[in-house]
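Work through the exercises below with the coordinates open. Each task is followed by a solution in steps.

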Amino acid sequence: AMSSDGDGDMENQAELEEKTRLINQVLELQHTLEDLSSRVDAVKEENLKLKSENQVLGQYIENLMSASSVFQTTDTKSKRK
């Protein structure tokens, strides 16, 4: 009876170690996922900032072009034809 108990303890110990290993793996994966999620959020934010900066620059360039005589003369020439 004692030897089978010993075997049972060994099995329980191995099972416990396996469970602990799996739990640690799951926790590690959760942390990795959290890290990746926050990185994705940061990239999205940066992307939005760049998009709005790009719009401002586009508007600025349009204003410069409309204010510049160089672009206006080409317009009037094409209209005259």
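Helices here are DSSP runs of H or I with at least four residues, and strands are runs of E with at least two, numbered from the N terminus. The model is predicted.

**Exercise 1.** Count the helices and strands, and give the share of buried residues.

Solution. Applying the run lengths gives 2 helices and 0 strands. Buried means under 20% relative accessible area. Of the 81 residues in the protein, 0% are buried. The accessible surface is about 7,800 Å², and carbon and sulfur atoms hold 58% of that area.

**Exercise 2.** Find the nonpolar surface patch and state which helix gives the most to it.

Solution. Helix H1 (2-67) and helix H2 (69-80) each contribute at least two of its residues. H1 gives the most, with 5 residues. One member in H1 is isoleucine 61, which counts as partly exposed because its relative accessibility is 46%.

**Exercise 3.** List the salt bridges and classify the exposure of the residues in one of them.

Solution. There are 3 salt bridges.

- Lysine 19 pairs with glutamate 15 at 3.9 Å, N to O; both lie in H1, 4 residues apart.
- Arginine 21 pairs with glutamate 18, with the closest N and O atoms 3.1 Å apart.
- Lysine 49 pairs with glutamate 46 at 4.0 Å between the closest N and O atoms; both lie in H1, 3 residues apart.

Take the second pair. Arginine 21 and glutamate 18 are separated by about one helical turn because they are 3 residues apart in helix H1. Arginine 21, at 44% relative accessibility, is partly exposed, and so is glutamate 18 at 37%.

Notes: Residues numbered from 1 in each chain as written. Predicted model: local features only at pLDDT ≥ 70, side-chain atom pairs only at ≥ 80, totals over all residues. Heavy atoms only, no water. Buried < 20%, exposed > 50% of the residue type's maximum accessible area, 1.4 Å probe, protein only. Areas by Shrake-Rupley, 256 points an atom, 1.4 Å probe, with all protein chains shown as cover. Salt bridge = Lys/Arg side-chain N within 4 Å of Asp/Glu carboxyl O.
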